[in-house]
Amino acid sequence: MQNYFDKVQKIQYEGPHSKNPLAFRHYNPDEVVFGKKMSEHLRFAICYWHTFCWNGTDMFGTGSFQYPWQASSDPLTNAKAKAEVAFEFFHKMNVPFYAFHDIDVAPEGNNIKEYLHNSAVIADIMLEKQTQAGIRPLWGTANCFTNPRYMGGAATNPDPEIFAYAAAQVVNAMNVTHKLDGENYVLWGGREGYESLLNTDLRKEREQLGRFMQMVVENKHKIGFKGTLLIEPKPQEPTKHQYDYDVSTIYGFLKQFGLEKEIKVNIEANHATLAGHSFQHEVATAFALDLFGSLDANRGDPQLGWDTDQFPNSVEENTLIMYEILKHGGFKTGGLNFDSKVRRQSTDKYSIFYGHIGGIDTMALSLKCAAKMMEDDQLKANTDKRYAGWNTAFGKDMLAGKMTLADIAKHVESNNLSPKAVSGDQERLENLVNHYIFD
């Protein structure tokens, strides 16, 4: 398995004019952009699940991929073989991080004892391999949504024993992430929502989820995990409505349960668009609410209404994402995880290289375009000018509580204010952004 991808030694930077499909054209890890190396800005991660676990199944078809690490009748043997090829791929892609769910890497087993045994065996293997490869988790998480026991939710389930089983999985996944020196721990409520209000107690389910998250925070401090806790927003699919709908919804939830200082968000591009937002909106909202943590880099298909998890390929879209990140000081513990999968018809084993290379180059070029925007930052200058009135004594006094509503009304009357609308210049600014991207 260590030579499964025998055509590839290590993906290297060859420059914009390279015709080699197994080389980077824009991502040069050591190139300094806006004061830091590209590798430090972008902090790429590869996900275990789509890349090595998904077998090409969709709602209308069986698996189209035949993986040798799925061939054994013994699930633990398969997991060990999968780890071999996964870490070979991580090393050859030359990225610093990976991300995983607990049952991506180790068999779930038939009971909690088998689950914990399998997890411990594979965690030791992963620790050895990541030390050799110089890679570690951007984040780990627990899959509390695939098993049929979770069809009615995990933390929000009507059955307290299922709540408890999910807690056991999360405790183990947090311990493994801590052992592997993970940067973050993510909670994605894949089934934390409802399909029908006819059998759902919304208040009770929110309270269960809130208490679960409080216990996750308590456990983080108990085990000494120094990474960041993250919640990943998603509006629906598979449920009709999920409680972690978008960044704003999560902020309200965190405030309700006193968790806004403890948990941040991991934002996925395709989840943002499913919620009716742009990726930029969700990222900007997270920064505005001091919730920004990490990103899942992917895209959806505008003609399809579900989560297609395609590799990012739009420099126009992602330049605005990297601009938001740069102007707020960059990632802290977060990074760019490729929660992306090749298409079901892409059965060549090197397709996962092509997908990741394209996604990495897209984000690298987007970073360079965003850095050009930051150098003279005409967008910020325009925004500062537009809001300049709020820096006057009158503007500050209104926001500082020094004036009542009646005081403001009196000021308008006594000064005979007659303000005029000012152009927002959206079209000029859109042209300016295109100048940075295409010139």
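This is a predicted model: local features need pLDDT of at least 70, side-chain atom pairs count only at pLDDT 80 or more; totals for chains, interfaces and linings use all residues.
Residues are numbered from 1 along each chain as its sequence is written, and side-chain values use heavy atoms, with hydrogens and water left out. Local features need pLDDT of at least 70 and side-chain atom pairs count only at pLDDT 80 or more, while totals for chains, interfaces and linings use all residues.

Helices (H or I, at least four residues) and strands (E, at least two) are DSSP runs, numbered from the N terminus. Two packed helices are described by the angle between their axes and the distance between the axes. Axes are lines fitted to C-alpha atoms, for helices over the stretch in contact, and angles run from 0 to 180 degrees between N-to-C directions.

Helix α6 (residues 160–179) packs against helix α7 (residues 202–223) at about 30°. Their axes lie 11 Å apart. The angle makes α6 roughly parallel to α7 (under 35 degrees; over 145 is roughly antiparallel, 65 to 115 roughly perpendicular, the rest oblique). Contact means heavy atoms within 4.5 Å. On the α6 side, the contact includes Phe-163, Ala-166, Val-170 and Met-174. The α7 side includes Phe-212, Met-215, Val-216 and Ile-223. The residues of this contact divide into 10 nonpolar, four polar and one charged. Here Ala, Val, Leu, Ile, Met, Phe, Trp, Tyr, Cys and Pro count as nonpolar, Asp, Glu, Lys and Arg as charged, and the others, Gly among them, as polar.

Helix α11 (residues 315–327) meets α16 at another angle, about 100°, with the axes 11 Å apart. The two helices are therefore roughly perpendicular to each other. Val-315, Glu-316, Thr-319 and Leu-320 in α11 touch Val-433, Ile-437 and Phe-438 in α16. This contact has five nonpolar, one polar and one charged residues.

Asn-434 also lies in α16 (residues 426–438). Asn-434 is partly exposed, with a relative accessible area of 35% (buried means under 20%, exposed over 50%, partly exposed in between, with a 1.4 Å probe and protein chains only). Asp-30 is 404 residues from Asn-434 in sequence and 27 Å away in space, C-alpha to C-alpha.

Thr-228 is in strand β8 (residues 228–231). Thr-228 is buried, at 16% relative accessible area. Beyond neighbours within four places in sequence, Thr-228 contacts Glu-183, Asn-184, Tyr-185, Lys-220, Lys-264 and Thr-333. Lys-220 is also one of the α7 residues that meet α6.

Helix α3 (residues 75–93) is mostly covered, with 14 of its 19 residues buried. Asn-94 follows α3 and has a positive phi, near 60°.
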